[in-house]
Amino acid sequence: MIDLYFWPTPNGLKLKLFLEETGLPHRLHLVDIGKGEQFEPDFLKISPNNRIPALVDQDPPGGGAPLSVFESGAMLLYLAEKTGRFLPADVHGRAQVLQWLFWQVAGLGPMAGQNGHFAVYAPDKVPYAIDRYVRETNRLYGVLDRQLARHAFVAGEEYSIADMACYPWIVPHAPHGQDLDDFPHLQRWFETIKARPATVRAYEGVAAPYAGRGNLSEEERRILFGQTAAAVR
Ligand SMILES: N[C@@H](CCC(=O)N[C@@H](CS)C(=O)NCC(=O)O)C(=O)O
């Protein structure tokens with residue numbers, strides 16, 4: 001049994017995609033990050049970075065004590081290795097998936113995240129910051145489009161954890177200032193993933209990106225955007 005600590009954001013939804021694809025038995029534990037539940041001491045024990053997602057595997061491979069993992073990329077890799085799904089066993093295929101998985105967690109995710117922060121959430125719309133992140137998101141979409149012109153999926157010809165990492169960050173393409181018509185191969189891939197039954201199930205009941213979220217309360221802003229080291233001491 002997998003306990004998934006979750007909130008329906010792009011990083012959380014990566015894991016939901018994996019669990020829906022595999023049908024791995026799991027329980028969802030909602031962590032309302034707007035209310036500050038990511039700072040609960042019990043949650044910090046499994047996610048010391050006070051971010052969702054995180055998981056606890058009650059039956060880790062080989063037995064032993066329950067095992068916790070935080071960071072969405074590490075979690076996808078852990079689950080792929082546990083199940084033998086969505087990560088090729090051969091050295092070439094595995095390297096392809098891992099490089100695109102790391103590209104997503106170190107590049108597309110943080111850049112698109114800052115894009116959303118400055119374009120949607122920031123009370124002052126700072127043109128330099130918005131331009132910087134909209135352009136960088138655009139460049140990253142170009143990289144993906146080029147890769148997808150040559151391959152069916154992000155890391156080759158099979159659907160993998162690299163696709164699951166990228167897809168939730170392409171969903172908010174419009175609020176991130178991107179037009180998928182400019183990226184035909186990315187658009188083809190996006191529509192393919194969107195139509196997968198597991199994707200449809202993972203996104204059931206999930207609001208459109210940023211729906212109503214530009215208007216965070218003062219308290220939510222303080223909790224989400226006012227964090228210093230004091231928040232986790
Ligand atoms: N690098 C982390 C990023 C996780 C992350 O940023 N999670 C956000 C939601 S998408 C969060 O928990 N935010 C809570 C906060 O800012 O306190 C990952 O890939 O898991």
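This is a predicted model: local features need pLDDT of at least 70, side-chain atom pairs count only at pLDDT 80 or more; totals for chains, interfaces and linings use all residues.
Helices here are DSSP runs of H or I with at least four residues, strands are runs of E with at least two, and both are numbered from the N terminus.

Residues are numbered from 1 along each chain as its sequence is written, and side-chain values use heavy atoms, with hydrogens and water left out.

**The ligand and its surroundings**

Let us start with the ligand, which sits in the largest pocket. A pocket is found on a 1 Å grid over the protein atoms alone, as an open set of points with protein on both sides within 12 Å along at least five of seven lines. A molecule sits in it if more than half of its atoms lie within 2 Å of its grid points.

Around the ligand are T9, N11, I33, Q38, N50, R51, I52, P53, E71, S72, L224 and Q227; a residue is near a molecule if one of its heavy atoms lies within 4 Å of it.

| Side chain | Distance to a ligand oxygen |
|---|---|
| Q38 | 2.7 Å |
| S72 | 2.6 Å |
| Q227 | 2.6 Å |

The protein buries 82% of the 520 Å² that the ligand exposes when taken alone. Such areas come from the Shrake-Rupley method with a 1.4 Å probe.

**Backbone details**

I52 and P53, both listed around the ligand, are joined by a cis peptide bond with omega of about 0 degrees. E71, also on that list, has a positive phi of about 75 degrees although it is not a glycine. E71 belongs to the loop between β4 (67-70) and α3 (72-83). At a relative accessible area of 42%, E71 is partly exposed; buried means under 20%, exposed over 50%, and partly exposed in between (1.4 Å probe, protein chains only).

Y210 is another non-glycine residue with a positive phi, here about 65 degrees. Its loop runs between α8 (197-202) and α9 (218-225), and Y210 counts as buried at 18% relative accessibility.

**Strand β1**

D3 lies in strand β1 (residues 2-6), and its 4% relative accessibility makes D3 buried. The D3 side chain makes polar contacts with the side chains of R27 (2.6 Å) and Q58 (2.7 Å). A polar contact is a pair of N or O atoms within 3.5 Å; within protein, one must be able to donate a hydrogen and the other to accept it, and residues adjacent in sequence count only if both atoms are side-chain atoms.

F6 is also placed in β1 and is buried, at 4% relative accessibility. Beyond its neighbours within four places in sequence, F6 is in contact (heavy atoms within 4.5 Å) with residues including L13, L30 and I52. F6 and P53 lie 47 residues apart in sequence, yet their C-alpha atoms are 5.2 Å apart.

**Helix α6**

How many residues of helix α6 (residues 161-170) are buried? The count is 10 of its 10 residues, among them D163, Y167 and W169. Their cover includes α1 (10-22), α3, α4 (91-121), α5 (127-150), α7 (184-194) and α8. At the start of α6, the backbone nitrogen of A162 has a side-chain oxygen of S160 within 3.1 Å.

Technical notes. On a 1 Å grid over the protein atoms alone, a cavity is a set of points where a 1.4 Å probe fits but cannot get out, and a pocket is an open set with protein on both sides within 12 Å along at least five of seven lines; lining residues have an atom within 4 Å of a point.
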